[in-house]
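Subject: Structure for you to look at

Dear colleague,

I am handing over the structure below, and my notes on it follow. Please read them with the coordinates open beside you.

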Amino acid sequence: MAATTVKDTNFNMRMNKQKKASLEDLYGSLGMTLAEAVNIFFEKSLMEGGIPFDVRMPRYNKETEEAIQEARDIMSGKVSAKSYSSAKELFAELDEE
């Protein structure tokens, strides 16, 4: 498929405001705009005949998966996180383990 330089249509998408700002900073540090980065992704997809990187679920050991679930439960409010009145108190408990 021959590459064309004429841009004659629009592509719109919605995303989280903070994520967009982070991506703009990232790609800006590489000397390109977010739109240019998306176009590079699309061109590479066409060259590869699909998504240009592996798409798969990460595999973690059981302990890591349990920690991830615990963090999700804390963030969703299902489980309350333990709090400490000082770093000294936290480290004292860690030393007991």
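Are Arg-56 and Asp-54 buried or exposed? Arg-56 is exposed, and Asp-54 is exposed as well, where exposed stands for over 50% relative accessible area, buried for under 20%, and partly exposed for what lies in between, with a 1.4 Å probe and protein chains only.

Before the rest, a word on the basis of these notes. This is a predicted model, in which local features need pLDDT of at least 70 and side-chain atom pairs count only at pLDDT 80 or more, while totals for chains, interfaces and linings use all residues. Residues are numbered from 1 along each chain as its sequence is written, and side-chain values use heavy atoms, with hydrogens and water left out.

The protein chain has four helices and zero strands, both taken as DSSP runs numbered from the N terminus (H or I of at least four residues for helices, E of at least two for strands). With a radius of gyration of 22 Å, well over the 13 Å that the globule rule gives for 97 residues, the protein chain is more spread out than a compact globule; the radius is taken over C-alpha atoms, and the rule is 2.2 Å times the number of residues to the power 0.38. Along the principal axes, the C-alpha atoms fill a box of roughly 65 × 30 × 25 Å, and buried residues make up 4% of the 97 residues.

Turning to the side chains, a search of the whole structure finds five salt bridges, each defined as a side-chain nitrogen of Lys or Arg within 4 Å of a carboxyl oxygen of Asp or Glu.

Another salt bridge is formed by Lys-82 and Glu-93, whose closest N and O atoms are 2.7 Å apart. This pair links distant parts of the chain, since Lys-82 sits in the loop between α3 (62-76) and α4 (87-96) and Glu-93 in helix α4, 11 residues apart. Lys-82 is exposed, at a relative accessible area of 56%, whereas Glu-93, at 26%, is partly exposed.

A further salt bridge brings together the side chains of Glu-48 and Lys-44, at 3.0 Å from N to O. These two residues are four apart in helix α2 (residues 34-48), and so about one helical turn separates them. Glu-48 is partly exposed at 47% relative accessibility, and Lys-44 is likewise partly exposed, with a relative accessible area of 34%.
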